[in-house]
Amino acid sequence: MSLDYTNQKFVLDTSDHPQGSVTWRSPSNLAIVKYWGKHGRQLPRNPSISLTLDTAHTTTTLHYQRREQVSSDGISLDLMFEGVPAPAFAERIRRYLESIGNIYPFLRQLHLTIHSENSFPHSSGIASSASSMSALALCLCSLERHFFDSLADEQEFLTKASYLARLASGSAARSVYPFMSAWGRHGDISGSSDEFAVPYTDALHPSFKTMRNAILIVSSGTKAVSSSAGHQLMETHPYAATRYIQAGQRMSQLLPALQHGDWDLFGQITENEALTLHALMMASNPSYLLMKPQSLQLIDAIRSFRADTGLPVYFSLDAGPNLHVLYPDEHADKIESFLEAECIPVCENGVWIADKAGEGPKEILE
Ligand code: PMV
């Protein structure tokens, strides 16, 4: 069954002159089973599951006031990113808000000013679309609740926020839940959907709820391939069909590991997924090589350390050269001493971010 949030009743009365703001802080997330390939209106070709981060987040404030004159020219928006106007980002957001005009027709009746800032350094190479788009979607749901007294139920609120976040950036759908979240229909996750993410929290072994994630910055430069171009490449990729089957199978293997605290199996799947994502990019046409020599050096160092010590420490990668190192909280001291000694010196300007599994977004009340 497909959700239909179209609602022509969500308009403000002519006598209403609302003015105010809402603020949400929302985290980034790291996919363990990766989403790579989409179709239709931001629908995934395969299911994915991710770790919700904590330290890496975006804080977005949405100010609204009644527009003097509602014109047919769409959304009235100013956007400041980290205190300065950001025209390209503003244009992307304006197009997105226009695209959801049939869900939230009231947006055209308002003048909107968005202030958005990231907790992580501007050019750290960390993808910010998941955190920023989920923060915006949560702000929109708060507006709906405020104006129309709807979405009182928490689950209903988060499902809609996840749906709206997905329309802005697929992976953002997963950022609205704590610890871990799954997006895309999968037989082993009841209630899972291609249209929104669902929490994967209750079944999760406690050792994964305190998981650490050290983000090692290899290069802060912008990506050579945007994720939308990457998804597009999958449409003609020779390995696409096999990959989508594999992703579903890996979900089936991973879920019991997440339930039983099996770090060994979790680590095998996590590393293989990261390398599979990069292998798909390397084998696409045109082909992309996003890892740097230092990425490989760090992978080698982590695998050697694991072999020598037997400690459960694993890596993942996003669509870029930086490494995410994953390990249980209980081994943090030993593993971070190793990272300080052997990995941080390899990072660009010695930069790394100590992140961990997070509790999900928070509304910031004045
Ligand atoms: O949400 P997008 O369109 O930026 O795609 C994200 C894709 C990966 O980050 C590479 C994988 C994932 O599942 O998050």
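Guide: In what follows, a residue is buried when its relative accessible area is under 20%, exposed when that area is over 50%, and partly exposed in between, with a 1.4 Å probe and only the protein chains taken into account. The model is predicted, so that local features need pLDDT of at least 70 and side-chain atom pairs count only at pLDDT 80 or more, whereas totals for chains, interfaces and linings use all residues. Residues are numbered from 1 along each chain as its sequence is written, and side-chain values use heavy atoms, with hydrogens and water left out.

Visitor: Is threonine 210 buried, partly exposed or exposed?

Guide: Threonine 210 sits in the loop between helix H4 (206–209) and strand S10, where helices (H or I, at least four residues) and strands (E, at least two) are DSSP runs numbered from the N terminus. Its relative accessible area is 40%, and therefore threonine 210 is partly exposed.

Visitor: Which residues does alanine 214 contact, leaving aside its neighbours within four places in sequence?

Guide: Alanine 214 belongs to strand S10, and because its relative accessibility is 0% it counts as buried. With contact taken as heavy atoms within 4.5 Å, and sequence neighbours within four places left aside, the residues touching alanine 214 are Leu323, His324, Val325, Tyr327, Leu339, Trp352, Ile353 and Asp355.

Visitor: How far does helix H8 reach from its first C-alpha to its last?

Guide: Helix H8 spans residues 293–309, which makes 17 residues. The expected span of a helix is 1.5 Å times one less than its number of residues, and for H8 the expected 24 Å is close to the value in the model, 24 Å.

Visitor: What arc do the buried residues of H8 cover around the axis?

Guide: The buried residues of H8 are Ser295, Leu298, Ile299, Ala301, Ile302 and Phe305, while Pro293, Asp300, Ala307 and Asp308 are exposed on the other side of the helix. An α-helix has 3.6 residues a turn, so residues three or four places apart point the same way. The buried residues of H8 pack against strand S10 (212–216), helix H7 (263–282), strand S11 (314–317), strand S12 (323–327) and helix H9 (332–343).

Visitor: How many of the 15 residues of H3 are buried?

Guide: Aspartate 153 caps the N-terminal end of H3 (residues 154–168), with a side-chain oxygen 3.1 Å from the backbone nitrogen of glutamine 155. What covers the buried residues of H3 includes strand S1 (19–33), helix H1 (87–99) and helix H2 (129–148). H3 is mostly covered, and the count of buried residues among its 15 is 12.

Visitor: What share of the area that the ligand exposes when taken alone does the protein bury?

Guide: Of the 13 residues around the ligand, Tyr35, Ser171, Arg174, Ser227 and His231 come nearest, a residue being near when one of its heavy atoms lies within 4 Å. Among the polar contacts (pairs of N or O atoms within 3.5 Å), a polar side-chain atom of arginine 174 lies 2.8 Å from an oxygen atom of the ligand, a backbone N or O atom of tyrosine 35 lies 2.9 Å from a ligand oxygen, and a side-chain N or O atom of aspartate 318 lies 3.2 Å from one. Taken alone the ligand exposes 380 Å², and the part of this that the protein buries is 91%.

Definitions and conventions. A polar contact is a pair of N or O atoms within 3.5 Å; within protein, one must be able to donate a hydrogen and the other to accept it, and residues adjacent in sequence count only if both atoms are side-chain atoms. Accessible areas come from the Shrake-Rupley method with a 1.4 Å probe; for residues, only the protein chains shown count as cover.
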